[in-house]
Amino acid sequence: MQRLRIYNAEHKHIPRICEIENAVFDDAWSHQSFAELMSGDKCHFYLAEVDGVIAGYVGIMVVLDEFHLLNFAVLPEYQSQGIGGELMTEILLLAKKADVQGITLECRASNHRAISFYESIGFDLVGHRKGYYENKEDAAIMWHRMDSITITLAIETSCDETAVSVLIGGRNMLSNVVYSQVDLHKIYGGVVPEIASRNHLDTIAEAVDLALEQAGVGLENLDLIAVTNGPGLVGALLVGVAYAKALSYSLGIDLIGVNHIEGHIASNYISHLKLKPPFLALVVSGGHTQLIEVRTYTEMKIIGESGDDAVGEAYDKVARTLGLGYPGGPLVEELAAEGMDCLDFPRPMLHSGDLNFSFSGLKSAVLNHINSCNMKGEDLNIPDICASFQAAVVDILRAKCKSALESTGLSILAISGGVSANKAVLGALQFEGVRTYAPSASLCGDNAGMIASAGYYHYISGQKSDLKLNADPSLRAGETYLKS
Ligand code: KG4
Ligand code: ZN
């Protein structure tokens, strides 16, 4: 995996900055221009280094209480990897800490790619400067108001991950700390609720401190505390909710309760800056399998769901019966790649005519096959079992997503939740004329970045919670703010 580091540029970096300039712009700035700008105290340049290679940079000038973005470039071969987003996140954080009013920039009016990138991170197109460039092309003037920027600290403790994240705006993650308890639960083959709550209690304070430290912000920089208040294990949820309430009260800042499933949906906002509702969401996790019509950032409707096991749960139970370990999803996926889809497992509700799912029948068919082989003393072909089980899962998910896309007329599908890390599932959910999104690997499973993002969108739409916020283990997506 690539490692990205962002740091201050010094004079010695100017030759490299010029190389990047020359590779990206026809009218590149000279070495001398950079040297002059860097010698004053008004301009600051930041570098993005990927695996030891400086791949991009951004420069700002401080003018009264504004930041002017000077130049911003990422080498072509490093573009579309989120490096630009990371560099801009750094600038937003600096602007927020410097308490400036906003950030302004100009770019070529014909550079639609750049304009849409800046819009995706919160800039507005506010006007044009006629004939600004040497070839008389107009400049588009863009502006990012800082009073609209929220720094959110989010807490997620709904199951067996103690997660804390700091987000600036709705999509720029400054830190994403996940303390997994998986080793504690492994020996039981699944999550033990009492152990989960106790462990959240032990680690939450440390996770909060680490998330702040990694984000480079202090408690005084926070504007909002977001917390998962359901669905999930009630004891586990309560730890996060109580901690979040105490933080919000003691800091005197707003609090917002977030639905965990809406959080999974929002994980795609962080991974794909341009993704906007409306779209169809498929949430496939250890606790839920739901098709959700996402109409706006805060309004959504469940249009299909599993009446029994969730997909992730079926993966875990199959893995457990095969003695593979916990969590089972990644292990079954790995073995499935070595096997053949030669066992004819059922595809329950494939033709039910609605958008609902059932996975317990499939799971039982797999367990029966395993038991029957064991009783007959036949060898188990574990890769074939995994491949055949996964093929059935994929067929069901594909058929239901296809129907849901047709019936809603939506042309974007965003999958999320632990099972969205599965390459076979993602590969099967590609449809003609439809763009399919899945979160980056670190955001597929439970995390607090997604909770911060969902919380942020509810917050800017005018919603918030108060100190009466409580854990609700059976909360449903789209309902959190209908109840209050
Ligand atoms: O979203 P998540 O981390 O937690 C819940 O909210 O449930 O999902 C965990 C589930 C587990 O059941 C795990 O086995 C499954 O996601 N999972 C996978 C894969 N990675 C995790 N299932 C299939 N293939 C995977 N690669
Ligand atoms: Zn989850």
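**Chat notes**

Author: Ser33 has its place in helix 2, residues 31-39. Helices (H or I, at least four residues) and strands (E, at least two) are DSSP runs, numbered from the N terminus. This is a predicted model: local features need pLDDT of at least 70, side-chain atom pairs count only at pLDDT 80 or more, and totals for chains, interfaces and linings use all residues. Residues are numbered from 1 along each chain as its sequence is written, chains are lettered from A and ligands numbered from 1 in the order in which they are written, and side-chain values use heavy atoms, with hydrogens and water left out.

Reader: OK, the ligand. Which residues are closest to ligand 1?
Author: Gly286, Asp316, Glu333, Gly418 and Asn422 are the closest of the 19 residues that surround ligand 1. A residue counts as near if one of its heavy atoms lies within 4 Å.

Reader: Which element gives the largest share of that shell?
Author: Helix 10, with 4 residues. By type, the shell has 4 nonpolar, 12 polar and 3 charged residues. Ala, Val, Leu, Ile, Met, Phe, Trp, Tyr, Cys and Pro count as nonpolar, Asp, Glu, Lys and Arg as charged, and the others, Gly among them, as polar.

Reader: What do the side chains of Asp316 and Asn422 do there?
Author: A polar side-chain atom of Asp316 is 2.7 Å from an oxygen atom of ligand 1. For Asn422, a polar side-chain atom is 3.0 Å from a nitrogen atom of ligand 1.

Reader: New topic. Where are the cis peptide bonds?
Author: One runs from Pro277 to Pro278, with omega near 5°. Pro278 is in the loop between helix 8 and strand 13 (279-284). Another joins Tyr326 and Pro327, with omega about -10°. Pro327 lies in the loop between helix 9 and helix 10.

Reader: Why point those out?
Author: Because most peptide bonds are trans, and most residues other than glycine have a negative phi.

Reader: Which residues have a positive phi without being glycine?
Author: Lys136 is one, at about 70°. Met349 is another, near 65°.

Reader: Is Lys136 buried or exposed?
Author: Lys136 is exposed, because its relative accessible area is 63%. Lys136 lies in the loop between strand 6 (124-129) and strand 7 (139-145).

Methods:
A polar contact is a pair of N or O atoms within 3.5 Å; within protein, one must be able to donate a hydrogen and the other to accept it, and residues adjacent in sequence count only if both atoms are side-chain atoms. Buried means under 20% relative accessible area, exposed over 50%, partly exposed in between (1.4 Å probe, protein chains only).
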